[in-house]
Structure formats: structure tokens, C-alpha cells
Amino acid sequence: MADAHATGQQHPLKIYFVVWGLLFLLSAFSYATDFLEHGYFRWALILTFMILKAGFIVAIFMHMRWERLALIWAILGPPVVLLVLIGLMAVEGDYTEFTRLDFFSEPIAPTGHAEAH
Amino acid sequence: MAHSETTTAPGSIEPGWQTFVHDWSADKQTFHVPWGKAMMWIFLLSDTFIFTCFLTGYMNVRLSTPVPWPNPSEVFALEVFGVSVPLLLIGIMTFDLITSSGTMALAVNYGYRRDRGRAAALMFITAAIGAIFVGMQAFEWSKLIIEEGIRPWGNPMGASQFGAAFFMITGFHGLHVSAGVVYLTIVGMKVLRGDYEKKGYEIVEIVGLYWHFVDLVWVFIFAFFYLW
């Protein structure tokens, strides 16, 4: 690891074959989730397999595991702010749906309040 | 890559955070990698933001529509011998990209071993598998547009935003795959010709970073668009 940059990222072939196999396996699991009922269990599995696959690709195939922290944090740090965007847009999406249901559709339950529109 | 002014040589063993402070605090080179590789990483970082914006936009329209979202499992099902198999083509496309990721990783390894024949051959195989992916995508788009009547502004199955999100996200990803096929072919030919014998084979790793990123994006599209 210490002289990884003198000769470039040179690692034994075995690790690539192991990760390759794991990626196939995880893809098969991902595909299998499609046969489950929609719900929290299925979503949790989808996210788990997704994160594992992404992790293996970045860490091993893209060699991030063997890079120095200066590069790792310059690349993997900034995307964390995207979670703020995702959070804001999730709240906004819910709010938009609520207002659409409230103003642009038949009232689901007679609330009296909806008749005003 | 050695810097005489530094007290500890880059790449020597220091505990993690000390290297971090050391690399950023002195008036010197921060990333101890070839500049092309650092630039590719920064480009991929910007691409991460673009794809996240697309996927976030998709999340937003899907959350905000009161009309039911078309079930991707049914929309992307294929008939095989009269039996409808859900998401079949998408599954095959996923395995196709994973396969190409493996051949790309091997190409990088053989590049650094200076085995340029094998490195170039593996790059051409990777490009061919990528071209197959684009071909399957063209088939998928044609089926959706012609047979299912899905348009960016509406479709017969449900929420009209489905087409806009689908064509934008998979279209932009397909464009990346196509560009990758061209990139791999050009660099592969230069590798085969021996253009990098003096410079070294970092270029294969740089192309590899791009290619693995394309696969990485597909992992997220597969999870959020096709499976969710």
C-alpha cells in the first residue's frame, strides 16, 4: 500500500474476481426484490443491496480503498450535501401532493372545508 | 512524484488524519496521483451532482403527483415463450454492465503490468459489452415508445411524469455509456499501438474510473427507478 503510487494501483487479480462475483450475487438479490411485496422490507433490501454494490465498485474497482485521505474526502465528502437537497425535495414533494389533493381533486372525505374550493 | 521539501515522503505510512492535514496544509501538491486521474475524479464528482439532481427531480415529481405511478415491474416486463417475466431486459442490462466492469478492472491491472496486448483486448471487450448495453436500451426505448405509447408528456398507464423522468434519466445515462464506448475504443487503440510505453499506463485506470462510474450510476437508477 505504501508504494502504491510508484507503480500505480497494482493489486492481486484475486480481489477483482472476488468482487466481480459479489457484484453478480448482489445484482441477483437486487433483481429478486422485484418479486417481493411493496413495503418497508422491500425498500430496505433495495437500499442495502444498492449501497453494498456501490461501495464495492468505488472501494475496489475504483481503488478508493487504497487512495490517501486527501483524495477520498475531496471526492466522497461533497456529495453529502446532496442529502440536504434530497431532504428538501422530499418535503416539497409531499407538500405539493397535499395541495394538489386539497385543491385539484374531488374531496376524498366530506370535510366541508373542501367544498369551499 | 517525490517532494524534497516535505518531511515525510508521500505514500509513507502515517496514521490517517495526519496525512490528511499534512497533504492539505502545506503549499504543495495535494493529490499524490497523476493529474489526469485527479481531474477525472473531479469530473466524476460533478457528474454525481448532475445525476443526483435528475434522480431527486424524479423523486419530487413522483411524490407530488396524486395519480398512481406506473408499475415499472409491469411496464418493463418481457414475454418469453408466452410467460411475462418482470423487468427481464433491465436485469440482463444490469448483468451486462457488471460484466463489463469486471473486464475493465482486469484491463487496468494488465495495463499496470505493461501487458498492453491483454489490456487493449480487455478494453475492446469492455467497449463491446457497453455497445450491447446501448443496443438493448435502444430496443427498450423503441418498445416503450412504439408499443406502449409512452411519451415525455404522458402515457396510458398512469402519472404523466413517468415518461419525462424515464427518458431524461436513462437517456443521459445511455449517452454516458455511448461516450464511454468511444473513449474506450480510442484509448484502447492507442494502448495497442504502444503510445503509453514511456508515459506509463495510468490512462487505462483513468478510463476505468469513468467506466466504473457509469456502472455505479446504473446501480442507483436500477434501485430507484426500476425497483422502487
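Me: Starting with chain A, how much of it is buried?
Reply: Of the 117 residues in chain A, 20% are buried. Keep in mind that this is a predicted model.

Me: Switching to chain B. How many helices and strands?
Reply: Seven helices and two strands in chain B. From the N terminus, the order is α-α-α-β-β-α-α-α-α.

Me: Is chain B a compact globule or more spread out?
Reply: More spread out: the radius of gyration of chain B is 22 Å, well over the 17 Å that the globule rule gives for 228 residues. Along the principal axes, its C-alpha atoms fill a box of roughly 70 × 40 × 25 Å.

Me: And what share of chain B is buried?
Reply: 38% of its 228 residues. On contacts in chain B between residues at least 6 apart in sequence, 68% join residues at least 24 apart.

Me: How many residues are in the largest nonpolar core?
Reply: That core has 68 residues. Those with the most contacts inside it are Ala107(B), Ala119(B), Met123(B), Ile169(B), Val204(B), Val207(B) and Phe222(B).

Me: Which elements give two or more residues to it?
Reply: From chain A, α1 (13-32) and α2 (40-61). From chain B, α2 (35-64), α4 (88-112), α5 (116-147), α6 (161-193) and α7 (202-227).

Me: Which one gives the most to this core?
Reply: α7(B), with 19 residues.

Me: Back to Ile169(B). What is it in contact with?
Reply: Leaving out neighbours within four places in sequence, Ile169(B) contacts Phe54(B), Leu55(B), Tyr58(B), Ile221(B) and Phe225(B).

Me: Tell me about α5(B). How many residues, and how far does it reach?
Reply: α5(B) has 32 residues and reaches 46 Å from its first C-alpha to its last. That is close to the 46 Å expected at 1.5 Å a residue.

Me: Which residues in α5(B) are buried?
Reply: They are Arg116(B), Ala119(B), Ala120(B), Leu122(B), Met123(B), Thr126(B), Ala127(B), Gly130(B), Phe133(B) and Leu144(B).

Me: And what covers them?
Reply: The cover over the buried residues of α5(B) includes α4, α6 and α7 of chain B.

Me: What does the backbone do just after α5(B)?
Reply: Gly149(B) takes a positive phi of about 70 degrees there.

Me: Which non-glycines have a positive phi?
Reply: His63(A) is one of them, at about 60 degrees, and Arg114(B) also has a positive phi of about 60 degrees.

Me: Where does His63(A) sit, and is it buried or exposed?
Reply: His63(A) is in the loop between α2 and α3 (69-76) of chain A. It counts as buried because 21 other C-beta atoms lie within 10 Å, and the cut-off is 20 or more.

Me: What about Val61(B)? Where is it?
Reply: Val61(B) is in helix α2 of chain B. It is partly exposed, with 18 other C-beta atoms within 10 Å.

Me: What does Val61(B) touch?
Reply: Gln161(B) and Ala165(B), not counting residues up to four places away in sequence.

Me: Last topic, the contact between the chains. How many residues from chain A and from chain B?
Reply: 47 residues from chain A and 51 residues from chain B. On the chain A side, α1, α2, α3 and α4 (82-104) each give two or more residues. The largest share, twelve residues, comes from α4(A).

Me: How does that side of chain A split by class?
Reply: The side of chain A that touches chain B has 28 nonpolar, eleven polar and eight charged residues.

Conventions:
Residues are numbered from 1 along each chain as its sequence is written. Chains are lettered from A and ligands numbered from 1 in the order in which they are written. This is a predicted model: local features need pLDDT of at least 70, side-chain atom pairs count only at pLDDT 80 or more; totals for chains, interfaces and linings use all residues. Helices (H or I, at least four residues) and strands (E, at least two) are DSSP runs, numbered from the N terminus. The radius of gyration is taken over C-alpha atoms; the globule rule is 2.2 Å times the number of residues to the power 0.38. A residue is buried if 20 or more other C-beta atoms lie within 10 Å of its own, exposed if 12 or fewer, and partly exposed in between; C-beta atoms are placed from the backbone. Two residues are in contact if their C-beta atoms, placed from the backbone, lie within 7 Å. A nonpolar core is a set of buried Ala, Val, Leu, Ile, Met, Phe, Trp, Tyr and Cys residues joined through C-beta atoms within 7 Å. Ala, Val, Leu, Ile, Met, Phe, Trp, Tyr, Cys and Pro count as nonpolar, Asp, Glu, Lys and Arg as charged, and the others, Gly among them, as polar. The expected span of a helix is 1.5 Å times one less than its number of residues.
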